[in-house]
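Subject: Structure for your review

Dear colleague,

Please find below the structure that I am handing over to you. My notes on what was found in it follow.

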Amino acid sequence: MSALLDSMAQAFCGSDARREVLDAALRDGLPAARNEAWKYTSLRQLERRAFAAAPLQGPALDAALLDDIPAPRLVFVNGRLDAALSDVQALPAGVQLQSLSAALASGEDAARFLGRRYERSEEIFARLNAALADEGVVLRVDEGVQVETPLQLVFASVAGDTDLAWHHRHLIELRAGASLGVVEHRFSVGDSAHLDNTVLHAHVARDAVLKHARVQAGSARQTSFLRTDAVLARDAQYHRVDLELGAALSRHELNVRLEGDNAQLTANGVLLGNGRRHVETRLGIDHIARDTACELLWRGVAANRSRVVFHGGIQIREGADGTDANLSNKNLLLSADAEIDTQPTLVIDADEVKAAHGATVGQLDANALFYLRSRGLPQAQAQALLSAAFCHEPLKILPDALRAQLARRLDKALAEAGVA
């Protein structure tokens, strides 16, 4: 057994049923490069590392780091809820929010949150999560409730003497006609080398609208595995933007099932690779009902010796007539030592659909660079302007205030990476 899996086994403390889940995952082990889902992401270095379970009490976090993150907010530090820094008083009636540990302590059925099982060997981190998750966010919005102010979810990773691993399981549930905005902030304090393994389930009922933004900005030694599984009912809408700006190794799997007629998904994102970072995003969009739509706009940038991996999978099932599906993945390769791998896939088993998907990998437009240079801009400044404009396009779907907030964070990351 690898050092990674051995440390996970030693951290186990749960029921017999969850022990069976863990044992099955341990028997299958970590996926190798021959596994198609992990073809471009090697776990050889990670498997030699060991992580301790996160203590029940997280370290202190400087409150000044949250000055730009307004209430209502829920704050987790090294995987544990920090009640002192959290503030959810402004949430309106009809919104139930609590930590997973509090929900379980109150007597709620654990199977409702942790009962889902994952069988495929490539789902190794979801399987570990099913066995080891003991914390997270449980968020429910009642029928017809419109939440005007976005909820901020903060996940801070603070460096320490020991490398830690935490496994979060989140549930976001919007009932019929509800609407909610959620903004995730994931960042590190110090040279953190922890492992964050998170699974999020989102259920968006009929006529409900979920707007979701996420900024992942872990340290250069951080490891992040995130899986989002969303289900959309009839006339439901799910709009999200992901900014992958940090961590040594980060992988996000976004799986969305459009199960109700006229369900709509918009999912945009930016993948920023610099230094020796490895960043991967995998989309699995499943059109099941009639007249559903997805619009997917993703931008990737790879500099230095980084590697950016994108898999955009769309399936239109038999009977899903009237589907309108569009995927665009454009990438900038800014270094001869960097690498970008992109795999757009489209499977159509229905009639009368509109579908388009495409991917490009290239460099900055020479004509645009020449134009800016001819107007007196230095080479570096011209490249920075074009790179920033390229990366800002996915943010256009956000409301003005949130778009400005995320644009500032993106610009800072581009500058730190030497891209802009």
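With a relative accessibility of 5%, Asn78 counts as buried (buried means under 20% relative accessible area, exposed over 50% and partly exposed in between, with a 1.4 Å probe and protein chains only). This is a predicted model, in which local features need pLDDT of at least 70 and side-chain atom pairs count only at pLDDT 80 or more, while totals for chains, interfaces and linings use all residues. Residues are numbered from 1 along each chain as its sequence is written, and side-chain values use heavy atoms, with hydrogens and water left out.

Asn78 is found in the loop between strand S2 (73-77) and strand S3 (80-81); helices (H or I, at least four residues) and strands (E, at least two) are DSSP runs, numbered from the N terminus. Not counting residues up to four places away in sequence, Asn78 touches Ala54, Pro59, Ala156, Ser157, Val158, Leu164, Trp166 and His194, where contact means heavy atoms within 4.5 Å. From Asn78 to Leu254 the C-alpha atoms are 23 Å apart in space, and the two residues are 176 apart in sequence.

**Arg240**

Leu254 is also one of the residues that Arg240 touches, and others among them are His212, Arg214, Thr228 and Ile397, not counting residues up to four places away in sequence. Arg240 lies in strand S12 (residues 237-244) and is buried, with a relative accessible area of 1%. Its side chain makes polar contacts with the side chain of Tyr238 at 2.8 Å and with the side chain of Asp242 at 2.7 Å. A polar contact is a pair of N or O atoms within 3.5 Å; within protein, one must be able to donate a hydrogen and the other to accept it, and residues adjacent in sequence count only if both atoms are side-chain atoms.

**Aromatic rings**

The structure holds five aromatic pairs. Rings of Phe, Tyr and Trp (its six-membered ring) pair if their centres lie within 6.5 Å; planes under 30 degrees apart count as stacked, over 60 as edge-to-face and the rest as tilted. The pair of Trp38 and Phe125 is tilted, because the planes stand at 50°, with the ring centres 6.0 Å apart. Trp38 lies in the loop between helix H2 (16-28) and strand S1 (52-53) and Phe125 in helix H5 (residues 124-132), so that the pair links distant parts of the chain, 87 residues apart. Phe125 also pairs with Phe225, and that pair is stacked, at 3.8 Å centre to centre and 15° between the planes. Since Phe225 belongs to strand S11 (residues 223-232) and Phe125 to helix H5, this pair ties together parts that are 100 residues apart in sequence. Trp38 and Phe125 are both buried, as are both Phe125 and Phe225. Ring pairs link Trp38, Phe125 and Phe225 into a cluster.

Two arginines also have their charged ends over rings: that of Arg251 sits over Trp38, 3.6 Å from the ring centre, and that of Arg299 over Phe390, 5.6 Å from the ring centre. A charge sits over a ring if NZ of Lys or CZ of Arg is within 6 Å of the ring centre and within 35 degrees of the ring normal.

**Nonpolar cores**

The largest nonpolar core has 51 residues, and those with the most contacts inside it include Leu139, Leu180 and Ile285. Such a core is a set of buried Ala, Val, Leu, Ile, Met, Phe, Trp, Tyr and Cys residues joined through side-chain atoms within 4.5 Å. Among the residues that Leu180 touches, not counting those up to four places away in sequence, are Leu139, Val141 and Ile172. Apart from this core lies another, of 28 residues, among them Leu30, Trp38, Ala126 and Val199.

**Cysteines and backbone details**

The structure holds zero disulfides, a disulfide being a pair of cysteine sulfur atoms within 2.5 Å. Cys294 counts as buried at 1% relative accessibility, and Cys391 does so at 0%.

The peptide bond from Ala71 to Pro72 is cis, with omega near 0°; Pro72 lies in the loop between S1 and S2. Asn262, in the loop between strand S13 (249-258) and strand S14 (264-273), has a positive phi near 65° although it is a residue other than glycine. Asn262 is partly exposed, with a relative accessible area of 34%.

Yours sincerely
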